[in-house]
Structures are given as C-alpha cells and as structure tokens.
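Hello,

Here is the structure you asked to look at. Please open it first, then read my notes alongside it.

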Amino acid sequence: MAKIIEGVSRTFSEFLLIPRLTRKAQTPELIDLSAPVGSDSSATGLRFRINVPIVSAAMQSVTDSNLAIALARQGGLGFIFGSQDIGSQAAMVRQVKSHKAGFVSSDTNTKVGETLRDVIGLMKKTGHSTVPVTSDGTSQGRLLGIITDQDFWQHEDDLNSPVESYMTKIENVIFGEEGLSLKEANSLLHMHKKNCLPVIDKEGNLKSLVFKKDYEDHMRHPNELLDSSKRLCVGAALNTRDYQERAPKLVEAGVDVLCFDSSDGLSEYQKEGLDWVRNRFGQDVVLGGGNIVSKEGFDYLVSGLGVDFVKVGIGGGSICITREQKGVGRGQASALLDVVARRDEHFKNTGIYVPICSDGGLSNDTQIVLALAMGADFVMMGRYFAMTDESPSAKTSINGQIYKSYWGEGTRRAQNWQRYSDSVDSGELLFEEGVDAYVPYVGGLSEVLATTLKKIKSTMINLGADDLIELKDNAVLTLVSEQSIVEAGTSSVFQFTRNSELEASTWGENR
C-alpha cells in the first residue's frame, strides 16, 4: 500500500516568526543580504554569491535581457527563459553581459577616409556618441584618434568632410595602457576631466574603453551584481532536450549560472543532463537543478557529480496547476523544511554546502522572509517581477486599472510543450500545467524591490540577525490557527484607502 508521510503539507501562510532580542547596534545599513548560489566546502559559499537573496524565474513573461539587467543592477540574478531558440537565448545573455562594464569593447568604430556623414550614420545606428578612429575601423585596430558628437555641428559643418578633419588625434588623446586597474582608469578620467578613456596595448592597438558615465552609474547602484570583469551577472535556463547544443552557446555568450528548468527534477533525464554539463565544463559554470520537494530528490541531484544549488517547489505558483492536473506536489513550507533538513545533514557529513532556492508559493513579502528563515538561501519569483515595468509582457487597461499579461511555462501560449510532453514525437501539449492570466502593474522593479528588501531587513532586526546565516540560526517558528490569521488583520475599523484591496495584492509573488 502507499506510504503516507506524517504531518500535514503546509504553506508559508501557516507560520509566523517569534521575535528574538533586537540589539541597539543593529541598523538596516549593517544587514548583509548576500547569499551563496555556488556550492562550497563551507557555509559561506564563496564560489558564487548574489548581493540580495532574490532571483527571477526563467519564464517568457518574466525574464528577458531587460529585466535581467534591471535585477542585476539591484544585486539579484535574472534567469533568461529557455523556451526559445538557442540563438535568441544566447543573444539575451550577451545583451546583459555587454550592458555595462568597467572596460567596454568598442562596438562603434571608424577609420580615416570615412566622412562625417558616415560617422553620424554610425552614431545613429548604435546610439553611441563616442567613436574611436582606428587604422582598420575595428575595435582592435591601431588607435589614431577619437571623434565625438561634441566635435562637430551636424547642421553647420560639411558632412562630406573626412573624419580626420574633426577627430582628436592620438597625440592629443588621454589614454590608459593595458593592464591598469579600473580604479586607475577612473582616476585618469577624473584628473583630466574626460568622459571616455581609451585603453591601448604597447603596440598602440585599441583594447577597450572606460566611461565616466559607467562610474557614475555604479555609484547610483552600489549593490550591482558584477563578475570579475565588472560585467553584470546573468543566469539562463536549460531543458533536458537540447542541453548539449544549448549549454555551450550560453557559456560562450558569457552566462554566469545555468539551471535546468523542470517541473519535476527527480528525473533520470535531468541527472544525465547535469552530469553532461558538469563533465563538459567542470567547475567553470555554476549549475543548478530541480525542482524537487523531498529528501529523496535532494539526494538524487547532489549524488555523483552533483549540483551547485537545488530548486525546491512543485505546484505552488500562482499560475501553476500541476497539483490540480496531476495530483503531484507538496505545500511549499513542508517541502522546503524537509529538503533543508537533508541539506544540513549532507553538509555535516560531507563538508559540502549546497544552497537551496525556494521557487514559488510566496504570496507576499513577509513570506519571503519566512522562506529564508526556514533555510532557503534565496528565492525565485515570477509574478513579483511580471508586474514590473521591466518584464517583457505588454500592459493593458481593464476597468481603468493597468495590468500586465502573465502566463505559465506549462501553457500553450508559452509553446513549451517539450518541457511537459511525455513524448518527444507527439508535438502536442495534451494538457496544460499553467494558466494564462493578468497581474496588476506596480511600476519599476527598483522601487518594488527596495520596499521588499527594507521589510526583510526590518524583520531580521526583530530576530537579532545580522545576515542570512544568523536568520536561519535564530529563527523560531510557530504554527498559526485560522483565528490567529483573522486576528492579524484589521478589525472593527473602517478603511478609506483607495484601491486598498488591489494594493495589498501587489506586494508579493506566487509563481
């Protein structure tokens, strides 16, 4: 007969945190929200970390390059969706990696002999106003000078004049030599009051550009998630069908983190995929697997070559109907607590710490804190980001309220039948595991995320925790009754807040 697990399958809404000692020395500015993503032999997980414990779901209606850029600038990590052709996904990864960097490879170049008209056309095409003039017109040619939109008047000067008549020649260009640090490059910009610093090698060939605007932009976003080359970090999803072709292209594009995106990670297909990627790239790529809801699932994915992190959650998302359609899944809180217990046991026995991502089942900001307190290292969210300006879906007005469309990867609209079909040859999605819906529009990602992070820090102060490790160690949880949930809300008062019901529903996520 079937085995029945003791206890009830519970959700985050059934728990509250008990306050611990709030210390006078604690302030929100001192709270550390960084979290490990890459596994390590210590609890600090130094192999790869994110600056805030929040990542975006690899969904068509959630994470394209635009949202991944916005999230990385706030310290989180976006996962580019995999339900698209390989070239398109790799292009999105490249867009994130090239969006902002300390040392930028110039993609807008010209050569002597070209006209001012040619340069203006090039500037309009690329949107860049600084154009290096090189011996061969490439980004690696010998630097002969620089021309910017400040060097000419488009409607006054002769546009048929040669570039060399307007450019600043190399003998008058302030430049840096290859090997200087970003700090040294910015110091040169400051000292000489320049907006752009070309970096050349010993032979005089152009290697990169450093911009004042990038320095100022970084000062406005001090929590940016950057790689060793000062480029924004980005993740991307793999599937179990074409990972042998997809993974190399994503790595070539510069992806920082790969993760198999599946509704059920306890699968031989995924294990074969994980082992193949690990064999091919070793430890050069941070690799995640999932989704799982049990100790058995954790043991299976970390065995053998293993994974860097594991995603937990099946059927808890706001547009996911896997539990309804198939009777498969588990309450998110129960699943997380079970897997965390096995992770901690694994760490004790092996010394290898495997970060856990809680994916789905979050209906408000406070439940993000609960997930972190229960042992998740970071959370993955879909609806939370689908509601923002930066998500790829279109806005629409319904009864005077602005909404954005939001659909699951298990819907026909997502055209992602390979992930859910039982047969490679069927070519048809026989039933859906997600719905096509709308979510309220809430504005820019930075403003929404700032409020969420402020709430997390405030709760951590109530629990006497300076970082996420202390949060897990200090957390004391209590189950709540139906009446205590009622008690927690407002009662015996009249509220006249405009659109209060809608506003209350917009702060959170339930993928």
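Below is what I found, taken element by element.

Bear in mind that this is a predicted model.

**Overall**

The protein has 511 residues, and 51% of them count as buried. It contains 17 helices and 21 strands. Look at the contacts with a separation of 6 or more: residues 24 or more positions apart account for 65% of them.

Start at strand S17, residues 378-381. Phe378 and Met380 point one way from S17. Val379 and Met381 point the other way. All four are buried. As a general point, side chains in a regular strand alternate between the two faces of the sheet.

Which strands pair with S17? One is strand S4 (residues 54-56), which runs parallel to S17 and is joined to it by three bridges. Here Val55 stands opposite Met380. Another is strand S16 (residues 356-359), also parallel, again over three bridges. In that pairing, Cys357 has Phe378 as its bridge partner.

Helix H11 (residues 365-373) belongs in this picture too. Together, S16, H11 and S17 make a right-handed β-α-β unit.

**Lys472**

Lys472 sits in helix H15, residues 468-474. Its side chain makes a polar contact of 2.7 Å with the side chain of Asp377. Lys472 also touches Arg343, Tyr353, Leu372, Ala373, Gly375 and Ala376, among residues beyond its neighbours within four places in sequence.

**The nonpolar cores**

The largest nonpolar core holds 100 residues. Which of them touch the most other members? They are Ile50, Leu77, Phe79, Leu258, Phe309 and Phe385. Helix H14 (residues 445-462) gives the most to this core, with seven residues. A second, separate core has twelve residues, including Val119, Met123, Val133 and Phe152. In general, nonpolar side chains tend to be buried together in soluble globular proteins.

Phe79 deserves a look of its own. Setting aside residues up to four places away in sequence, Phe79 touches Val55, Ser56, Ala57, Ala58 and Thr63, among others. Its contacts also include Gly235, Ala236, Val257 and Cys259. Phe309 and Met380 are on the list as well. Recall that Met380 stands opposite Val55, and Phe79 touches both.

**Ser83**

Ser83 lies in the loop between strand S5 (77-80) and helix H2 (86-99). Is Ser83 buried or exposed? Its relative accessible area is 17%, so Ser83 is buried, the cut-off being under 20%. The side chain of Ser83 has a polar contact of 2.9 Å with the side chain of Gln60.

**The S6-S7-S8 sheet**

Three strands form an open sheet here, in the order S6-S7-S8. The pairing is antiparallel.

Strand S7 covers residues 143-148 and pairs with S8 over two bridges. Ile146 stands opposite Thr168 in S8. Helix H3 (residues 116-126) lies across S6 and S7. It runs at about 70 degrees to S7.

Best wishes

Technical notes:
Residues are numbered from 1 along each chain as its sequence is written. This is a predicted model: local features need pLDDT of at least 70, side-chain atom pairs count only at pLDDT 80 or more; totals for chains, interfaces and linings use all residues. Side-chain values use heavy atoms; hydrogens and water are left out. Two strands pair if DSSP finds at least two bridges between them. Contact means heavy atoms within 4.5 Å. Axes are lines fitted to C-alpha atoms, for helices over the stretch in contact, and angles run from 0 to 180 degrees between N-to-C directions. Buried means under 20% relative accessible area, exposed over 50%, partly exposed in between (1.4 Å probe, protein chains only). A polar contact is a pair of N or O atoms within 3.5 Å; within protein, one must be able to donate a hydrogen and the other to accept it, and residues adjacent in sequence count only if both atoms are side-chain atoms. A crossover is right-handed if, with the strands pointing away from the viewer, the path from the first strand over the helix to the second runs clockwise. A nonpolar core is a set of buried Ala, Val, Leu, Ile, Met, Phe, Trp, Tyr and Cys residues joined through side-chain atoms within 4.5 Å.
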